[in-house]
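Trainee: Could you take a close look at one part of this model with me? I'd like to hear about a single residue and its surroundings, and then about the sheet.

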Amino acid sequence: TQSGSSSGRIHENRIDAAGLWASGILVSSANRTHVVRVDGNWIRGGSAYGSIDLRQGSLAGSGSGSLTAYVVDNVVTPLHAVGDAQGIRADAYFGSLVLQAFNNSVTGAYSGVNVFGGTGATLGGRIANNLLAGNILNLAYSNSGGGSVANDHNLLYDGTGGQAAYELEF
């Protein structure tokens, strides 16, 4: 078992995530305390897991780590076609995940912001002041654990060319 904590910043990158299983930016935490700021990036693509992919724990694990992520002022767009980007994805399988997602623009992705909390996890944070346009799912939220994520002042616009955009209330 590893212990300790870390903090970091991923900023001002231009990333093309072209592979089927690609993530543009991946932050993965387990039994540690991590604080990360992801800001000012432009990510194109990121199909299966997320253009900005934040994970606390794993499906096969257990523990008590925590991930606090500040995702601010990023742009996510498809690489080739609508739906080939995942947008901002935050998954917590155990421990705690706090997502602060502000002032991001996600357009033409499969999902704008997608948050998942498993039964062994606690979620917290706020999703606010984001532009989510032309995504198949603008906001998606599923929480089997504890806590909640606030959702306010986001601009949601459907521009998917006839496909419905689904917004789930937090």
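Mentor: Happy to! Leaving aside residues up to four places away in sequence, Gln56 touches Ser29 and Ala30, then Gly65, Ser66 and Leu67, and finally the run Asp91, Ala92, Tyr93, Phe94, Gly95, Ser96 and Leu97. Keep in mind that this is a predicted model. Gln56 has 0% relative accessibility, and because buried means under 20%, this residue counts as buried. As for secondary structure, Gln56 belongs to strand β6, which covers residues 50-56.

Now to the sheet. Six strands make up an open sheet with parallel pairing, ordered β2-β5-β8-β10-β12-β16. The edges are taken by β2 (14-17) and β16 (155-157); each has a single partner strand, so one side of each is left without a neighbour in the sheet. On average, and ignoring direction, neighbouring strands of this sheet are turned by 10° against each other.

We can follow some of the pairings. Next, β5 runs parallel to β8 (residues 75-77), joined by three bridges, with Trp42 opposite Val75 in β8. Further along, β10 (residues 105-107) and β12 (residues 131-133) are paired in parallel over three bridges; there, Val106 has Leu132 of β12 as its bridge partner.

Methods. Residues numbered from 1 in each chain as written. Predicted model: local features only at pLDDT ≥ 70, side-chain atom pairs only at ≥ 80, totals over all residues. Heavy atoms only, no water. Pairing = 2+ DSSP bridges. Helix = DSSP H or I, 4+ residues; strand = E, 2+ residues; numbered from the N terminus. Axes fitted to C-alpha atoms, helices over the stretch in contact; angles between N-to-C directions. Buried < 20%, exposed > 50% of the residue type's maximum accessible area, 1.4 Å probe, protein only. Contact = heavy atoms within 4.5 Å.
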